[in-house]
Amino acid sequence: MPDYLLTTSPQMAKRHARHKRFQWYGRIAIAISISFMLFMFTAIFFRGIGAFQKTMVAVDVQFTEANLDPSGNRNSSDLLRANYKPILLQGLQQVVPEATSRQDRNRLYGLLSNGAAFDLGERVSNKPAMVGTSERVWVAASSEVDLYVKGKIDPVEIPEELRRLKDQDIAWVEALREKGQIKKKFNTAFFTNGDSREPEMAGILSAAIGSFFSLLICFLIAFPLGILTAVYLEEYAKKSRFTDIIEVNINNLAAVPSIVFGLLGLAIFLNFFGLPRSTPLVGGMVLALMTLPTIIIASRSILRSIPQATRDAALGLGASKTQTTFHHVVPLAMPGMLTGTILGMARALGETAPLLMIGMVAFIVDVPKGVTDVATALPVQIFLWADSPEKGFVELTSAAIMVLLVFLVLMNVFAVYLRRKLERRW
Amino acid sequence: MNTDAPVSDSGAKPIMTARNVDVFYGKKQAIDNVSLDIPENQITALIGPSGCGKSTFLRCFNRMNDTIQICRVKGDIKFAGQDIYDPKVDVVALRSRIGMVFQKANPFPKSIFDNVAYGPRIHSLSESKDHLEDIVITSLKRAGLYDEVSDRLDEPGTSLSGGQQQRLCIARAIAVDPQIILMDEPCSALDPIATAIIEELMDSMKEKYTIVIVTHSMQQAARVSQQTAFFHLGELVESGDTKQIFTNPEKERTQNYISGRIG
């Protein structure tokens with residue numbers, strides 16, 4: 001065999017080496033990206049997973065009429081407003097009888113969540129027959145106790161003066177635990193509550209609903225406007241200096257930092273038009289402004305990829321420009337345009353900065369019922385929690401990020417599904 | 001060149017006349033002062049080397065050049081005595097009278113039935129569902145495709161073979177009942193068997209329609225056409241009876257082309 005045909009010949013060896021080297025550069029790049037991704041996801045997962053569980057404390061409560069309903073009329077709003085602290089404390093003292101001083105009683109009561117009394121009040125007002133009976137009820141533990149039970153506070157490593165939970169508190173918690181009065185359960189409050197000052201009572205529902213309403217408004221504005229703009233520019237407008245300027249501007253707008261759109265929304269929607277502040281209506285409008293260029297650019301490139309032969313076929317049959325466009329071109333482009341829109345919306349879902357500017361950064365406890373209710377959004381909620389000093393919010397932050405990521409992944413999967421489903425070959 | 005069109009020997013009356021047509025793409029002139037008559041119920045072939053402007057000239061007849069923004073057409077093109085570039089002429093109506101079949105078969109990504117039915121639908125040519133079905137079946141029969149697809153009219157038109165797709169496009173053009181069918185190299189992407197079928201089809205179609213075909217293949221022009229026009233570098237070099245062009249051309253350039261010395 002002649003030498004130059006062999007893979008070992010000098011020229012060939014050099015080429016193969018280059019080929020191999022390039023492949024390895026690619027593999028290393030992918031490996032590094034994947035390890036970053038895995039690192040991020042595992043970090044978020046292990047920090048956030050705890051937030052899906054919550055520590056509950058069992059208290060044997062005597063719902064004495066003298067304490068809760070001295071008037072005896074079982075009025076539900078009176079029951080809601082009654083003072084449940086003494087009866088909860090009495091229940092705890094059954095386990096820890098030595099806590100009798102004023103200070104000790106306050107510390108003992110502090111093992112429970114601040115929301116526990118309110119929670120109990122709601123239960124009793126929904127079921128007034130409870131008054132006069134005694135029952136074992138499970139109420140939320142305080143965030144500190146919750147962290148201790150989940151093993152996130154190590155009493156040996158951290159000296160007592162640096163802990164909020166003192167050695168005595170821990171002894172009491174252990175006493176409760178010995179009697180089987182402490183358990184962990186699934187944290188439904190995280191999915192059904194709005195924000196709260198207490199980490200154990202805080203949930204993401206109001207932020208999620210706020211995000212949903214904002215995205216709804218964003219879609220209703222950005223989708224038709226974006227598609228029609230793209231169709232007009234691509235199919236109807238004659239190429240001129242004017243359309244060139246429009247094209248350049250749209251491309252520039254897509255690169256404008258989102259906070260600028262927030263300032264624009266503040267100046268125009270709030271200050272000029274006087275629309276209600278901090279609402280999904282304005283948030284959605286700002287997000288629509290931000291998403292529009294993305295949708296227009298994506299839709300135009302899809303329209304451009306529709307073969308001219310399709311247009312020629314329809315025009316050659318005597319279809320008008322509009323018939324050609326809406327019978328043939330737009331239906332063919334629709335899957336791609338929808339995908340572009342959903343990807344733009346996914347970006348809008350994760351956007352924080354413009355919402356800060358229009359005041360969707362408020363502390364929202366109630367779940368918004370419409371687009372003009374004051375609301376916040378998921379990424380803003382994450383931002384707020386990440387900013388909170390309480391240790392309990394660390395878990396919540398990561399858990400909220402997980403929820404946001406799940407929504408983003410779902411939207412992207414939906415985009416892929418739509419493309420597969422609607423795509424037609426030509 | 002004289003401005004009077006060469007009179008065809010067959011004596012058939014022209015359905016379409018072009019006088020002193022110039023076409024520009026921007027500043028570049030693609031067609032230079034072309035005059036040609038298209039005789040009715042005959043096949044006219046436009047031949048010439050690549051880039052000679054024959055396709056551009058063909059697209060003037062149904063104003064498909066309108067879709068190209070930089071393209072300008074000057075001169076006078078009359079269809080049944082009416083100047084088709086008159087601002088009063090509706091291009092949509094014009095194209096329903098003058099159909100077109102393209103170089104690459106371009107069926108819509110819809111069913112075979114819907115492909116053929118699209119034209120009648122947008123021009124409201126059918127009175128009822130049955131009538132529409134009738135039009136579709138007749139058109140498919142005229143295009144010689146019906147027997148091959150009669151049992152799968154709801155399958156996508158894009159699932160057919162290349163030759164079948166091209167005949168589907170012919171059926172689609174016929175369904176609108178035009179008077180003239182323009183064909184822009186309809187067989188250039190087809191194998192010889194599919195080409196032969198389409199040539200046969202064209203021969204049978206000329207009783208009802210006037211056909212203008214652009215072709216690269218001189219053999220095809222010689223086989224199917226009665227009239228031939230030879231284009232070179234944007235000019236109409238010679239036109240007339242096909243037999244005469246191929247056996248006894250007047251101009252030297254024509255002689256050179258058909259004998260393979262240019263092109």
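To begin with, is Arg164(A) buried or exposed?

Modeller: Arg164(A) is exposed, at a relative accessible area of 60%. On this scale buried is under 20% relative accessible area, exposed is over 50%, and partly exposed is in between, with a 1.4 Å probe and protein chains only. The model is predicted, so local features need pLDDT of at least 70 and side-chain atom pairs count only at pLDDT 80 or more, while totals for chains, interfaces and linings use all residues; side-chain values use heavy atoms, without hydrogens and water. Residues are numbered from 1 along each chain as its sequence is written, and chains are lettered from A and ligands numbered from 1 in the order written.

The partner of Arg164(A) is Glu144(A): their side chains form a salt bridge, with 3.7 Å from N to O. This pair joins distant parts of the chain, 20 residues apart, with Glu144(A) in helix 7 (residues 143–149) of chain A and Arg164(A) in the loop between helix 7 and helix 8 (167–178) of chain A. A salt bridge is counted when a side-chain nitrogen of Lys or Arg is within 4 Å of a carboxyl oxygen of Asp or Glu. Helices here are DSSP runs (H or I, at least four residues; strands are E, at least two), numbered from the N terminus. Glu144(A) is buried, at 17% relative accessible area, whereas Arg164(A) is exposed. Side chains of opposite charge can pair when their charged atoms come close.

A second pair in chain A is Glu247(A) with Arg300(A), a salt bridge at 3.5 Å from N to O. Glu247(A) sits in helix 11 (residues 241–254) and Arg300(A) in helix 13 (residues 280–305) of chain A, so this pair ties together parts 53 residues apart in sequence. Glu247(A) counts as partly exposed at 27% relative accessibility, while Arg300(A) counts as buried at 8%. Leaving out residues up to four places away in sequence, Arg300(A) touches Ala230(A), Leu233(A) and Glu234(A) as well as Glu247(A); contact means heavy atoms within 4.5 Å.

Over all chains, the rule counts 24 salt bridges. One in chain B joins Lys206(B) to Asp203(B), with 3.0 Å between the closest N and O atoms. Asp203(B) is partly exposed, with a relative accessible area of 38%. Back in chain A, shared partners link Asp146(A), Lys150(A), Lys152(A) and Glu395(A) into one salt-bridge network. Within that group, Lys150(A) and Glu395(A) form a salt bridge with their closest N and O atoms 3.2 Å apart.

The contact involves 6 residues of domain 1 and 4 residues of domain 2. Between them the two domains bury about 400 Å², with 43% of that on carbon and sulfur atoms; buried area is the accessible area (1.4 Å probe) that two parts lose on being put together, summed over both. The rule finds 2 salt bridges across this interface. The side of domain 1 that touches domain 2 holds 1 nonpolar, 1 polar and 4 charged residues. In these classes Ala, Val, Leu, Ile, Met, Phe, Trp, Tyr, Cys and Pro are nonpolar, Asp, Glu, Lys and Arg are charged, and the others, Gly among them, are polar.

For the interface of chain A and chain B, the salt-bridge count is 0. Here 20 residues of chain A are in contact with 23 residues of chain B. The buried area is about 1,700 Å², and carbon and sulfur atoms give 62% of it. Two or more residues of the chain A side come from each of helix 14 (308–316) and helix 15 (321–349) of chain A. Helix 14 gives the largest share, 7 residues. By class, the chain A side divides into 8 nonpolar, 7 polar and 5 charged residues.
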